[in-house]
Amino acid sequence: MPSKMREWFRFAWPAFVGLAAALVLWFAIPLPYIVYEPGPAYDTGPMVKTGFDERGGAEAGAASGAPNEGAFMLTTVRWSYANLFLYAAALVNPHADLYARETVTGGDDRNEYAQRQALQMRTSHWRAIEAVYRELGVPYRFDDLQLIVMSVMDGLSAEGVLLPGDRLLSVDGTALKNDGDLAAVMQKKAIGDKIVVEFARGDETRQATLELKALPDTDPPRPGMGITYSAFLSLMSEDPAYSVDISAGSIGGPSAGLMFALELYDRF
């Protein structure tokens, strides 16, 4: 290597190290904030499939009353975990808001929070379908009920055992088939009791023994595993033509139900 180049490297390498360190600080170091910005708008039409769609052609269009023009648009909010760069950009962006991460996620990690958002979207689907069925007088039934873990509280017995998205199957051998079944079992328990929880994670069924602890902010203290959960229902129309399947992809959150309901109402 020529002497001039060696001399240049001798003086330049600290600058390269400093630049690398600055880039790490700028982009890689997380901050305890979440940045909210306007996201894209999506046409709900391609997300919704009904029994009429399966007939195809003019019959489907005529039967469903599908409009020839216009669309119901689902607006979204884009959120990102902040680094120094995103934080600085949000400060000067009039269309961006900064929120403390703890306030938004409730202490959930990234996977848990994303799972909770996906579960809330599923809830909005069946509530939208039920609202339209009831408004139009479409006969329907609840085909299946699932109790899904929404969040796990720090320091209680379910921490490290159950995860958001797990499906609760039974407690101490009592199958959980109705919305109030879990509460009915827990009413008979005391702080310090041990329970056997059977749950499904994906395609795998698991069991765990948990010792009940006092739930925070309860007076008198009540025993619990330390979870919040929600009942998810599968609705089936008595008329196959009015069957509904909604797929929103990776969009999460609870606020899409109105637009899906309007889309279905317009179709039917």
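Predicted model: local features only at pLDDT ≥ 70, side-chain atom pairs only at ≥ 80, totals over all residues.
The chain has 268 residues, of which 35% count as buried. It holds seven helices and 13 strands. Among contacts with a separation of 6 or more, 75% join residues 24 or more positions apart. The accessible surface of the chain is about 15800 Å², and carbon and sulfur atoms account for 54% of that surface.

**Nonpolar cores**

- The largest nonpolar core has 27 residues, and those touching the most other members are Ile129, Tyr133, Val244, Ile246, Phe260, Leu264 and Phe268.
- At least two residues of this core come from each of helix H5 (110-136), strand S5 (140-152), strand S12 (227-237), strand S13 (244-246) and helix H7 (257-267).
- The biggest contribution is that of H5, which gives seven residues.
- Another core, of 20 residues, lies apart from the largest one; Ala158, Ile195, Val197 and Phe199 are among its members.

**The open sheet S3-S1-S4**

- Three strands make up an open sheet, ordered S3-S1-S4, with antiparallel pairing.
- Strand S3 (73-83) and strand S4 (97-100) are the edge strands; each has a single partner strand, so one side of each is left without a neighbour in the sheet.
- From one strand to the next, the twist averages 35°.
- Strand S1 (residues 30-43) pairs with S3 over nine bridges, in the antiparallel sense.
- Within this pairing, Pro38 is opposite Val77 in S3.
- Helix H3 (residues 84-92) lies across S1, S3 and S4, and runs at about 125° to S3.

**Pro30, in strand S1**

- Pro30 belongs to strand S1 and is exposed, with a relative accessible area of 52%.
- Pro30 and Tyr81 are 51 residues apart along the chain, yet their C-alpha atoms are separated by 7.3 Å.
- Leaving aside residues up to four places away in sequence, Pro30 touches Ala82 and Arg101.

**Ser157, in a loop**

- Ser157 sits in the loop between S5 and strand S6 (167-171).
- With a relative accessible area of 13%, Ser157 falls under the 20% cut-off and therefore counts as buried.
- A polar atom of the Ser157 side chain lies 3.2 Å from the backbone oxygen of Glu211.
- Beyond residues up to four places away in sequence, Ser157 touches Leu210, Glu211, Lys213, Gly224 and Met225.

**Backbone geometry in loops**

- Most residues other than glycine have a negative phi, and most peptide bonds are trans.
- The peptide bond from Asp219 to Pro220 is cis, with omega near 0°.
- Pro220 is placed in the loop between strand S10 (213-214) and strand S11 (223-224).
- Asp217 is found in the loop between S10 and S11 as well.
- Asp217 is not a glycine, but its phi is positive, at about 60°.
- The relative accessible area of Asp217 is 84%, which makes this residue exposed.
- Asp172 lies in the loop between S6 and strand S7 (174-175).
- Phi of Asp172 is near 50°, again a positive value in a residue other than glycine.
- Asp172 is partly exposed, with a relative accessible area of 35%.

Terms used
Residues numbered from 1 in each chain as written. Heavy atoms only, no water. Core = buried A, V, L, I, M, F, W, Y, C linked by side-chain atoms within 4.5 Å. Buried < 20%, exposed > 50% of the residue type's maximum accessible area, 1.4 Å probe, protein only. Helix = DSSP H or I, 4+ residues; strand = E, 2+ residues; numbered from the N terminus. Contact = heavy atoms within 4.5 Å. Areas by Shrake-Rupley, 256 points an atom, 1.4 Å probe, with all protein chains shown as cover. Polar contact = N/O pair within 3.5 Å; in protein donor to acceptor, adjacent residues only side chain to side chain. Pairing = 2+ DSSP bridges. Axes fitted to C-alpha atoms, helices over the stretch in contact; angles between N-to-C directions.
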